[in-house]
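Trainee: Hey, I've got this one open on my screen. Please walk me through it.

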Amino acid sequence: MPLAGGFVCAGDSRVHDVFPLDLMECLDCTLMQTGQDISPELLFSQYLYSSSASPGLVSHFDNLAWRLNEMYKIKDRLFIDVGCNDGVLLKRMRKYGARVVGIDPSDVAVRASNEQEWDLFNEFLTPEVAGKTTSRHGNAYIVTACNVLAHNPDPHPMVQGIADLIGSIGIAVAEVHYQSNLINQTQFDTVYHEHTCYYSLESLIRLFEDHGLTIFHAA
């Protein structure tokens, strides 16, 4: 299969790169994962996807921001969005008075942070990047990672980074493809190279517990 989002112009007769696309399941932890990893630089350095282009996603982030503010009163507190893309969620949280920071390696995020004037760490989240972030801003009250755990063939450094960002004071909100829906609703159009991991609740519990985090709500 070619890489998703690698659109070509009409009449372009060049042969474009294709890559194997297999989906495998671990019989121990139940995680499902693609069989071949693609270089993150190839996938994300010139990223074509912009979250604000999807009205449904904008509405979803509006609702998520409202719920987080209703539940946790975010005003004047630090909010960090991992995989912030064009800042669609950061803008909503800023509306509620949060101090906002993004972590994202894409060029889309760079343009958005320059235009909207929020601090960006233009890198993949690791414990080292989390350390730089907390050194500058302190620990976060809320960290969101919306559909970014799916993009990482080794999620452990990212989850440890999330744990380091929130320290002992905060909460993390993660959105992932739900493995049960993928299978039962035949959502196989969501399987492509950019999405390397497809989680069950069991696999998420084990992943987060490895980094000292406990899942207290799933929906």
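**Strands, helices and a ring**

Trainee: Which residue stands opposite C146 in β7?

Mentor: That's E175. Helices (H or I, at least four residues) and strands (E, at least two) are DSSP runs, numbered from the N terminus. Before we go on, this is a predicted model, so local features need pLDDT of at least 70 and side-chain atom pairs count only at pLDDT 80 or more, while totals for chains, interfaces and linings use all residues. Residues are numbered from 1 along each chain as its sequence is written, and side-chain values use heavy atoms, with hydrogens and water left out.

Trainee: OK. How many bridges link β6 and β7?

Mentor: β6 and β7 (171–175) pair over 5 bridges in the parallel sense; strands pair if DSSP finds at least two bridges between them. The chain gets from β6 to β7 through α6, as a right-handed β-α-β crossover. Right-handed means that, with the strands pointing away from the viewer, the path from the first strand over the helix to the second runs clockwise.

Trainee: What about β3 and β6, parallel or antiparallel?

Mentor: Parallel, with 4 bridges joining them. In β6, T144 stands opposite D81.

Trainee: Is β6 buried or exposed?

Mentor: Mostly covered: 5 of its 5 residues (142–146) are buried, meaning under 20% relative accessible area with a 1.4 Å probe, protein chains only (exposed is over 50%, partly exposed in between). I142, T144 and C146 point one way, V143 and A145 the other.

Trainee: New topic. Which residues of α5 are buried?

Mentor: In α5 (127–137), they're V129, A130 and T133. They sit on the same side of α5, because they cover an arc of only 100° around the axis, taken from the directions from the helix axis to the C-beta atoms. An α-helix has 3.6 residues a turn, so residues three or four places apart point the same way.

Trainee: And what's on the other side of α5?

Mentor: E128 and S135, both exposed. Covering the buried residues, by contact (heavy atoms within 4.5 Å), are elements including β3, β4, β5 and α6. Just after α5, G138 has a positive phi of about 85°.

Trainee: Last one: what lies over the face of Y141?

Mentor: R77, at 4.0 Å from the ring centre. The rule for a charge over a ring is NZ of Lys or CZ of Arg within 6 Å of the ring centre and within 35 degrees of the ring normal.
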